[in-house]
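Here's a walk through one protein chain, written for someone who would rather get to the residues quickly. Have a look at the sequence and the fold first, then read on.

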Amino acid sequence: RHLRNTLERIKMSRKKWTSEKIFTRLLNNKTQKTFWENVRELRKRPNKDVYNQAFKLASSKSEKEKIIGIYVLAQLGFDPRFQQDKTVDLYFKLLENEKSPKVISAILSSISHNNENLNEKQISRLIEFKTHKFVNVRFELTLAISCLENENAIKTLIELSNDKDSDIRNWATFGIGTQLDNETEEIGIALWNRIPDKDESTRLEAISGLAKRKDKKIKEVLKTELKKIGENGSMILESIELLNDREFIPLLEKKIIENKKSKKVNEDWLLETINKLNGK
């Protein structure tokens, strides 16, 4: 309890620290937890002093200083970001010669928070990292190009949905399945390729993406999933809602009866899904 109270006092006092003091703390950080707490506090201060100091650090030759500056600028202010265009230009300038996987990952992660107005040249530069040997780089790339209504970005997400790393497959599948409304044959094939995926999260994202597109063939998959649904079945029920097929109502009612004994799934979720299929 004493430790928790001490941490709370530090958290409250951090708000009173000068920005210079927080930057100093960041440069001497001992733990990841305090690192991100200090970064988040600076991000709440969208002014020229913080921006200029972060910009200077991001332009440094020191890996540690670069990463601090890059992350502070990433979400400095919101709607709009503070000097967002200048920040994005800096990120792409840094990418020209950067070799450190940690710095590249930080840049890609930060671009994911500032990717609304990327141009074709910038997107082409990003997708060059799709075969990077470091998993973190490919993972952050996946986030950086998500939500982009761009042919090359979508094609790259489709490729990443087949990555050997399950987190990358998961987020890429989420990117093409849920975050995009496009209904191309290529996206459909990519989603179906993930239905037998060994990673549960990736497989569920693929099911959701196909249900969202009202792919009739996903109905049988959902019926099978409903039979074995457990306490983590909210995504299956959401997919049933997306497919919006009333044929599932009696199956859901049957599942409620079974669930009285098994208690495997939240009954309220089942009832809510039935109500939505009934248009309530």
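## A loop residue to start with

Let's begin with Cys147, which sits in the loop between helix 9 (135-144) and helix 10 (151-160). Helices here are DSSP runs of H or I with at least four residues, strands are runs of E with at least two, and both are numbered from the N terminus. Cys147 isn't a glycine, yet its phi is positive, about 75°. Most residues other than glycine have a negative phi. Cys147 counts as partly exposed because its relative accessible area is 43%; the cut-offs are under 20% for buried and over 50% for exposed, with partly exposed in between (1.4 Å probe, protein chains only).

Before going further, a word on the source: this is a predicted model, in which local features need pLDDT of at least 70 and side-chain atom pairs count only at pLDDT 80 or more, while totals for chains, interfaces and linings use all residues. Residues are numbered from 1 along each chain as its sequence is written, and side-chain values use heavy atoms, with hydrogens and water left out.

## The whole chain

So what does the secondary structure of the chain come to? It's 17 helices and zero strands. The C-alpha trace spans about 65 × 50 × 30 Å along its principal axes, and buried residues make up 49% of the 280 residues. Of the contacts (heavy atoms within 4.5 Å) with a separation of 6 or more, 61% are between residues 24 or more positions apart.

## The nonpolar core

A nonpolar core means a set of buried Ala, Val, Leu, Ile, Met, Phe, Trp, Tyr and Cys residues joined through side-chain atoms within 4.5 Å. The largest one here has 78 residues, and those with the most contacts inside it include Val72, Ile111, Leu126 and Ile240. Helix 5 (residues 63-74) gives this core its largest share, seven residues.

Take Ile111: leaving out residues up to four places away in sequence, Ile111 touches Tyr91, Phe92, Leu95, Leu118, Leu126 and Ala144. Ile104 belongs to helix 7 (residues 101-111) and counts as buried because its relative accessibility is 2%.

## Toward the end of the chain

In helix 15 (residues 234-243), the buried residues are Met235, Ile236, Leu237, Ser239, Ile240 and Leu243. Their cover includes helix 13 (200-212), helix 14 (218-227), helix 16 (248-262) and helix 17. Helix 15 is followed by Asn244, whose phi is positive, near 55°. Lys214, in the loop between helix 13 and helix 14, also isn't a glycine and has a positive phi of about 55°.

Apart from neighbours within four places in sequence, Lys255 is in contact with Leu226, Lys227, Ile229 and Leu270. Asp268, in helix 17 (residues 267-277), is exposed, with a relative accessible area of 53%.

## Aromatic pairs

How many aromatic pairs does a search of the whole structure find? Seven. Rings of Phe, Tyr and Trp (its six-membered ring) pair if their centres lie within 6.5 Å; planes under 30 degrees apart are stacked, over 60 edge-to-face and the rest tilted. Phe35 and Trp36 make an edge-to-face pair, 5.1 Å centre to centre with 90° between the planes. Phe35 is buried at 9% relative accessible area, whereas Trp36 is partly exposed at 26%. Together with Tyr71, Phe35 and Trp36 form one aromatic cluster.

Trp171 and Phe174 are another edge-to-face pair, at 5.6 Å centre to centre and 90° between the planes. Both lie in helix 11 (residues 166-177), three residues apart, about one turn of the helix. An α-helix has 3.6 residues a turn, so residues three or four places apart point the same way.
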